[in-house]
Amino acid sequence: MESTNQHCMILLVLVLILTCNVITASSASPAANRFHFNVEWKQVTRLCHTKSLLTVNGEYPGPTIAIHEGDNVEVKVTNRIAKNTTIHWHGIRQYRTAWADGPAYITQCPIRGGHTYTYKFNVVDQRGTLLWHAHFSWQRASVHGAFIIYPHLPYPFTPKIQAEIPIIFGEWWNADVDAVEGQMMYGGGPNSSNAYTINGLPGPLYPCSAKDTFVRAVEPGKTYMLRIINAALIDELFFAVANHTLKVVEIDAVYTKPFSTLAIMIAPGQTTNVLLTTNQAPDASGMFPMAAAPYLTSVFPFDNSTTLGFLKYKGPKSSDKNTKPSVVVPNLPKMTDTPFATKFLNNLRSLATPQYPCRVPKAIDRRVITTISLNLQDCPQNQTCKGYAGKRFYASMNNQSFVSPLMSILEGHYKNFTASQLNSTFPERPPKEYNFTGVEPLAENMNTEFGHKLLVVPFGTKLEIVLQDTSFLNPENHPIHVHGHNFFIVARGFGNYDANVDPASYNLVDPPERNTVAVPVGGWAAIRLKADNPGAWFVHCHLEQHTTWGLAMAFIVPNGPSPSQCLPPPPDDLPSC
């Protein structure tokens, strides 16, 4: 590994020397779009509760980053609190800029209180809606915002868009989120949130919240693009607008074949762009409610509530202040409607045109099969455990429960630390074969192993990962996010994956391309990617309590053979542990 790094550095120096005059004579690279984030506390009131809320620049949700495809980006993050923090640019590929990816102890040590770190990266061959969020502890509950990439070319869909409307879903806790996370130190589960929010506002169905309701004025007969982001911490959500049809045109900043639907299902970390045409006749209030409510696949406690906002039709006869708007969204799916969620996800297809090709690997070099499990761990002697039956809740991938190291994995990889510090023995198959989705949830269980075993994937490998849910404790829909790479969801199914049968039904023509996949409850998903981005990359469940319990792993992509396939040295201001 050391010789490879040295070889790449020598080649890179030679290339820079030989091309110096060409670089000087050619047009300069695009000027950086510079932003400054101050991570700071602010007093915020929701649901009649005022508390200190962690924010960026005092905004909740945080500021929108809006750039154009191909732009360079620099975000100077100043940590003005006593606790550590980091920021992750969710869905940005970070090609050869792994130092800017953001997850704590994976690609960087956290930014300590009073310190600053500047994230520098280029947005290449990506366009659409993504998000940014804190990636330390549970800070992303309030530290998040939209990341919008405007395309060079016109949108590949019609009709003309009148305006764009960002819709960011979140969750509000009356309690301090650190205290909620702290409940899990004893192996129990967290308290559910007190409200869901649309753009930081809970809406009129919650106490004291009529004034804290998102309302957007629209013109009749026009088409709007809703940029929908699920920044909620622990809940997948259904979303619908009363009496209106939504046309899906993009997911996770990738264009899709358009299709119409009465509602969408969106998991934490996912984004969905939809077109909405204001072609309905409003009542005397002039308002149509929009709603988000949980998609439930868990037996654990959850926030069984609905956040509400409104589209307000403009016009001289469109509004009567004395008429209360309806709060009923009849086309919102019921919270246990797995058939709807399945149909919706199965309708997603890549655009797959010459201009926007679908680059799914048709053949693979390697297949990794990993279980994604909740676990019930025996309570250690002389400790208090608050999980079921006096035990502790954990989660795992192939029975490995991820524990963050005390250093940055990427820095350790770059500096060629020894195997005792970075262990590259993540199992590529479940350690024990069993009826993954058919075991008795509480009677059968496997104690997990703890650590941070890594998977090493040579540069250029065409990799398939099969994510297999289990019924330990509870089969559940898991949104799995992969850092540093987009992937293609070539198949999803219920029950146990069969390597001898299921590949025959793979979609290798136009599978959806994403960065976060919703693995179906009691089922599996097969994803394919090309490991062409050198660095250390986190793979984890985007339900925050599951990541806290250990449902995560990391993989290493070493340098490729050419200088343009090598990871550059770390920046001078990279935080130290």
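**Reading cores, contacts and a surface patch**

Q: Which residues does Trp89 touch, leaving out residues up to four places away in sequence?

A: Two residues are in contact when heavy atoms lie within 4.5 Å. In this predicted model, Trp89 touches Phe37, Ile65, Val75, Gln94, Ala100, Asp101, Tyr119, Phe121, Leu131, Trp132 and Phe147, once residues up to four places away in sequence are set aside.

Q: How many residues does the largest nonpolar core have, and which have the most contacts inside it?

A: In soluble globular proteins, nonpolar side chains tend to be buried together. Here the largest nonpolar core has 85 residues, and Trp89 and Phe147 have the most contacts inside it. Strand 32 (residues 552–557) gives the most to this core, contributing 6 residues. Another core, of 55 residues, lies apart from it; Ala195, Ile198, Leu226 and Val329 are among its members.

Q: Is Gln126 buried or exposed?

A: A residue is called buried when its relative accessible area is under 20%. Gln126 has a value of 5%, so this residue is buried. Gln126 sits in the loop between strand 6 (116–122) and strand 7 (128–134).

Q: What does the side chain of Gln126 reach?

A: The side chain of Gln126 reaches the backbone oxygen of Gly91 at 2.8 Å. Apart from neighbours within four places in sequence, Gln126 is in contact with Glu69, Gly91, Ile92, Arg93 and Ile149.

Q: Is Val328 buried or exposed?

A: The term exposed applies over 50% relative accessible area. Val328 reaches 53%, and is therefore exposed. Val328 belongs to the loop between strand 19 (307–313) and helix 4 (338–346). Together with Leu205 and Val327, Val328 makes a nonpolar surface patch of about 250 Å².

Note on methods
Residues are numbered from 1 along each chain as its sequence is written. This is a predicted model: local features need pLDDT of at least 70, side-chain atom pairs count only at pLDDT 80 or more; totals for chains, interfaces and linings use all residues. Side-chain values use heavy atoms; hydrogens and water are left out. Patches are made of residues with over 30% relative accessible area and no salt bridge: like charges are joined within 9 Å, nonpolar side chains (Val, Leu, Ile, Met, Phe, Trp, Tyr) within 5 Å. Accessible areas come from the Shrake-Rupley method with a 1.4 Å probe; for residues, only the protein chains shown count as cover. A salt bridge is a side-chain nitrogen of Lys or Arg within 4 Å of a carboxyl oxygen of Asp or Glu. Helices (H or I, at least four residues) and strands (E, at least two) are DSSP runs, numbered from the N terminus. Buried means under 20% relative accessible area, exposed over 50%, partly exposed in between (1.4 Å probe, protein chains only). A polar contact is a pair of N or O atoms within 3.5 Å; within protein, one must be able to donate a hydrogen and the other to accept it, and residues adjacent in sequence count only if both atoms are side-chain atoms. A nonpolar core is a set of buried Ala, Val, Leu, Ile, Met, Phe, Trp, Tyr and Cys residues joined through side-chain atoms within 4.5 Å.
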